[in-house]
Amino acid sequence: MERQAKAYVFGITTVLLWSTVATAFKLSLRYLSPVELLFYAALVSSLVLFFAVLVQGKAHLLAQAEWKTWKISILFGMLNPFLYYLVLIKAYDLLPAQQAQPLNYTWAITLSLLSVPLLGQRLRAKDIIAIGISYFGVYIISTKGDLLSLSFDNPIGVLLA
């Protein structure tokens, strides 16, 4: 398979997998608080990653890491994914999934916009049109089609998402 075709397959697979996140969050939040959900998700992820390190025969590298490296890793882990997902899961707790997910996905669009001042990237006219359409679509979903009302189910949830 050529590289571009492989990239498309991976991209589509990622979108399909991520599209189930909203449902998984909402179902889980029926039984767990956002903090509990995040705790169990982090625990399972840590165990899977630790198992991967063991399978690769690299467990000795964990013991070789300096305390300073561990502290930095813990600090960055508290910022992302911990803080990010704590905010996101709370947004899913406050909003319907069909509102929280598209709102959350605007981070990718925001990164495109931030690349202009931070990285000196240039947006083409079609990029700007695509960004405008994307944000407008999220606005339509968030207001449930009542475009002039500027009314959201939960403004705090919208802000968090």
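This is a predicted model: local features need pLDDT of at least 70, side-chain atom pairs count only at pLDDT 80 or more; totals for chains, interfaces and linings use all residues.

Confidence by element came first. Of the elements in the protein chain, helix α3 has the highest mean pLDDT, at 92, while helix α6, residues 97–119, has the lowest, at 84. The protein chain averages a pLDDT of 88, and 100% of the residues score at least 70.

Next I looked up how α3 and α5 sit against each other. Helix α3 covers residues 34–55 and helix α5 covers residues 67–94. Their axes come within 9 Å and cross at roughly 135°. I put α3 down as oblique to α5 because of that angle. I also noted the handedness: the crossing of α3 and α5 is right-handed.

Which residues make the contact? On the α3 side I listed Pro34, Val35, Leu37 and Leu38. On the α5 side I have Phe82, Tyr85, Leu86, Ile89, Lys90 and Asp93. I sorted the residues of this contact by type and got eight nonpolar, two charged and no polar.

Is Gln99 buried or exposed? Its relative accessible area is 2%, and the cut-off for buried is under 20%, so I wrote Gln99 down as buried. I also looked up what is around the residue. Leaving out residues up to four places away in sequence, Gln99 touches Ile141, Ser142, Lys144 and Asp153.

Methods. Residues are numbered from 1 along each chain as its sequence is written. Side-chain values use heavy atoms; hydrogens and water are left out. Axes are lines fitted to C-alpha atoms, for helices over the stretch in contact, and angles run from 0 to 180 degrees between N-to-C directions. Helices (H or I, at least four residues) and strands (E, at least two) are DSSP runs, numbered from the N terminus. Angles under 35 degrees count as roughly parallel, over 145 as roughly antiparallel, 65 to 115 as roughly perpendicular and the rest as oblique. A crossing is left-handed if the near helix is turned anticlockwise from the far one by less than a right angle, and right-handed if clockwise. Contact means heavy atoms within 4.5 Å. Ala, Val, Leu, Ile, Met, Phe, Trp, Tyr, Cys and Pro count as nonpolar, Asp, Glu, Lys and Arg as charged, and the others, Gly among them, as polar. pLDDT is the predictor's confidence in each residue, from 0 to 100. Buried means under 20% relative accessible area, exposed over 50%, partly exposed in between (1.4 Å probe, protein chains only).
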